[in-house]
Amino acid sequence: QVQLVESGGGLVQPGGSLSLSCAASGFTFDKHAIGWFHQAPGKEREGVICINFSDNSTHYGDSVQGRFTISRDDTKGTVYLHMNSLKPEDTAVYYCAAATRCSGYPWDYWGQGTQVTVSS
């Protein structure tokens, strides 16, 4: 059974940093991609960043280019979202999801989400 569990959310001041974790189990890492999405109150869920495990290629949303990065630890079955220079508009529930590739395939599995609040 595929399971994705996010953790690491919380309250951070503008300009600060925060890292989120997505612990994945129940599927073969190198045949999938993991993406991070966020959804702010009253807005649509949108993609933030994604990594293809087969070739380690990454894809960034326009709003996070240069501020967010993604990394993986295959030994722990975990993907990390590293967020820097956080802005109040980054406040949202952050989800990780799994698909065959970052684009062109449906996101088959989702975590439950973790809240990130950027505020002074």
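Keep in mind as you click around that this is a predicted model. We start at the largest pocket, whose lining divides into seven charged, four polar and three nonpolar residues. To find the spot, select His-38, Ala-40, Lys-43, Glu-46 and Glu-89: of the 14 residues in the lining, these lie nearest the pocket's centre. How much space lies in there? About 210 Å³.

Next stop, the sheet. Colour the strands E1, E3, E8 and E7 in that order, and you have an open sheet of four strands with antiparallel pairing. Now look at strand E1 (3-7) and strand E7 (68-73): each has a single partner strand, so one side of each is left without a neighbour in the sheet. On average, neighbouring strands here are turned by 20° against each other, direction ignored.

Zoom in on E1 and its partner, strand E3 (residues 18-25). The two run antiparallel, and five bridges join them.

Last, head for the interior. Nonpolar side chains tend to be buried together in soluble globular proteins. Which residues have the most contacts inside the largest nonpolar core? Select Ile-34, Trp-36, Met-83 and Tyr-94, which hold that place in a core of 29 residues. Then highlight the strands that each supply at least two residues of this core: E3, E4 (33-39), E5 (46-52), E7, E8 (78-83), E9 (92-99) and E11 (114-118).

Definitions and conventions: Residues are numbered from 1 along each chain as its sequence is written. This is a predicted model: local features need pLDDT of at least 70, side-chain atom pairs count only at pLDDT 80 or more; totals for chains, interfaces and linings use all residues. Side-chain values use heavy atoms; hydrogens and water are left out. Two strands pair if DSSP finds at least two bridges between them. Axes are lines fitted to C-alpha atoms, for helices over the stretch in contact, and angles run from 0 to 180 degrees between N-to-C directions. On a 1 Å grid over the protein atoms alone, a cavity is a set of points where a 1.4 Å probe fits but cannot get out, and a pocket is an open set with protein on both sides within 12 Å along at least five of seven lines; lining residues have an atom within 4 Å of a point. Grid points are joined across faces, edges and corners, and a volume is the space filled by probe spheres set on the points. Ala, Val, Leu, Ile, Met, Phe, Trp, Tyr, Cys and Pro count as nonpolar, Asp, Glu, Lys and Arg as charged, and the others, Gly among them, as polar. A nonpolar core is a set of buried Ala, Val, Leu, Ile, Met, Phe, Trp, Tyr and Cys residues joined through side-chain atoms within 4.5 Å. Buried means under 20% relative accessible area, exposed over 50%, partly exposed in between (1.4 Å probe, protein chains only).
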